[in-house]
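Me: I would like a close look at a single part of this model. Keep it brisk, please.

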Amino acid sequence: MIGVDVHVIGAGLAGLSAALDLADAGARVALHEAAPQAGGRCRSFADQLLEREIDNGGHVLLGGNKAVFDYLDRIGSRAEMEAIAPAAFPFMDLATGETWSIRPNAGPIPWWIMAPSRRVPGTRPADYAEALNLYFAAETDTVARRLDPEGPLFQALWEPLCVAALNTNPREAAAKPLARVLAESFGKGEAACRPYLPCNGLTPALIDPALMALARRGVTRRFGVPLEALSVQAGRVTGLRFADGDVSVGDACVVLALPPYAVARLLPDLTLPQEMSPIVNVHFKLDAAVTLPGGTRLLGLVGGTAQWLIARGDVVSVTVSAADGLVERPNEAIAAMIWREIAKALGKPPFPVPPYRTVKERRATLRLTPKAETLRPGPLTATQNLFLAGDWTQTGLPPTMESAIRSGRAVSRAILQGHARPATIPREAPHDGARPT
Ligand SMILES: Cc1cc2nc3c(=O)[nH]c(=O)nc-3n(C[C@H](O)[C@H](O)[C@H](O)COP(=O)(O)OP(=O)(O)OC[C@H]3O[C@@H](n4cnc5c(N)ncnc54)[C@H](O)[C@@H]3O)c2cc1C
């Protein structure tokens, strides 16, 4: 391909974000993707059985996810996200039926913990001070070493937050990334804690508008063509072998915005974290629009298998993260068990199970153990014009949408700051949206 400054491989959020920044800075970008569509682990699809567009899995953004909101503004789709404002995390204990809602206050001083109606029932303000232990975590510490598994908040708050944010059981999850999530949400106050959900799905909110924004910036794209190998000579990538043929790289840079196992296949000499953790989602179609207890589109569940419910119209979607045991079970058994739990929460009969779609993402995100955390690479590699992006690279955050988008920005910054910067990229960014700092 003649006239390309940067080849971005992978059209998930990391690749889209890198391509957007690079194109805004005037680079000529080619975007390559193995699948027939963009979005990777964050996408919607038309489900024949439910006769609805559904998402591969319930995705929740938080108000503090600044890079995602900046990305949404630049692709013009912030209005596709709906906030739960003021911030509230309603919960129900499936074993006891007890309900509560965590409602942080504005500003960084957490006086909400002084109000019994805004905190977990049966807990005292002093119990919440335990969160400070996370900030003094060593690299080798797990969450369960810093937050007492026998403590009053573990099952009702710390565990659900850890599993949702890190997709890793707190007994093996690294403590430091959870500290970062809490610092960027609860540490900043109500607005940074607001949960945001896509109004019409992930692809309409985060993917299709990005593809349109990239097309407007002249980014070329090739979908349905996996990268199979890289040729490296004298410390530079010189060629890319795709399923449909070879591409000479010339002076261009190459960004691998791929999941870690795909990078490991292409670069077997790198030591990378590769163990992934599954997420199971079950989408149930009901007879009418669903209203969740607590009155918002989101409900946290403890004391059972189901963890979070998200309602959109007549579809209620259940997320189970760190779903190691569950993912191996047959879909019918999973749906029957989960429906029994949520029927209770919704006040519906346990039989018959409504029409459902199970989505098992076996390699949903990196299993974020302390060991994996130390193995996460930055954007640069030993190969001069080769860069890594992806939610699993070292962003300080757990593998989330925010991490993916930040990793794309880190890569574009590294390229634009002169690491193997192709001479044809102009020094002055021509577009307003550019931030090649
Ligand atoms: C079920 C589920 C629920 C989630 N919930 C949340 C949530 O609530 N909040 C949150 O912030 N995050 C959530 N996440 C995480 C979020 O989806 C990811 O962090 C993010 O989508 C990762 O983006 P990425 O670009 O790094 O990787 P990917 O989305 O994996 O993109 C990589 C792309 O590379 C492509 N590819 C792979 N191999 C090749 C190859 N050889 N050649 C070319 N292309 C290739 C893939 O097809 C893919 O499109 C969830 C993830 C899942 C699966």
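Which residues is R43 in contact with, leaving aside its neighbours within four places in sequence?

Reply: A note on the basis comes before the contacts. This is a predicted model, where local features need pLDDT of at least 70, side-chain atom pairs count only at pLDDT 80 or more, and totals for chains, interfaces and linings use all residues. Residues are numbered from 1 along each chain as its sequence is written, and side-chain values use heavy atoms, with hydrogens and water left out.

R43 is in contact (heavy atoms within 4.5 Å) with Q37, A38, I54, D55, N56, L202, T203 and E361, once its neighbours within four places in sequence are set aside. With E361 there is also a side-chain polar contact of 3.4 Å. A polar contact is a pair of N or O atoms within 3.5 Å; within protein, one must be able to donate a hydrogen and the other to accept it, and residues adjacent in sequence count only if both atoms are side-chain atoms.

Where does R43 sit? Its place is the loop between strand 2 (29–33) and strand 3 (44–47). Strands are DSSP runs of E, at least two residues, and helices are runs of H or I, at least four, numbered from the N terminus. L197 is 154 residues away in sequence, yet 13 Å away in space, C-alpha to C-alpha.

R41 places a polar side-chain atom 2.7 Å from a ligand oxygen. A backbone N or O atom of V60 also lies 2.7 Å from an oxygen atom of the ligand. Strand 19 (356–366) is among the elements that give two or more residues to the shell around the ligand.
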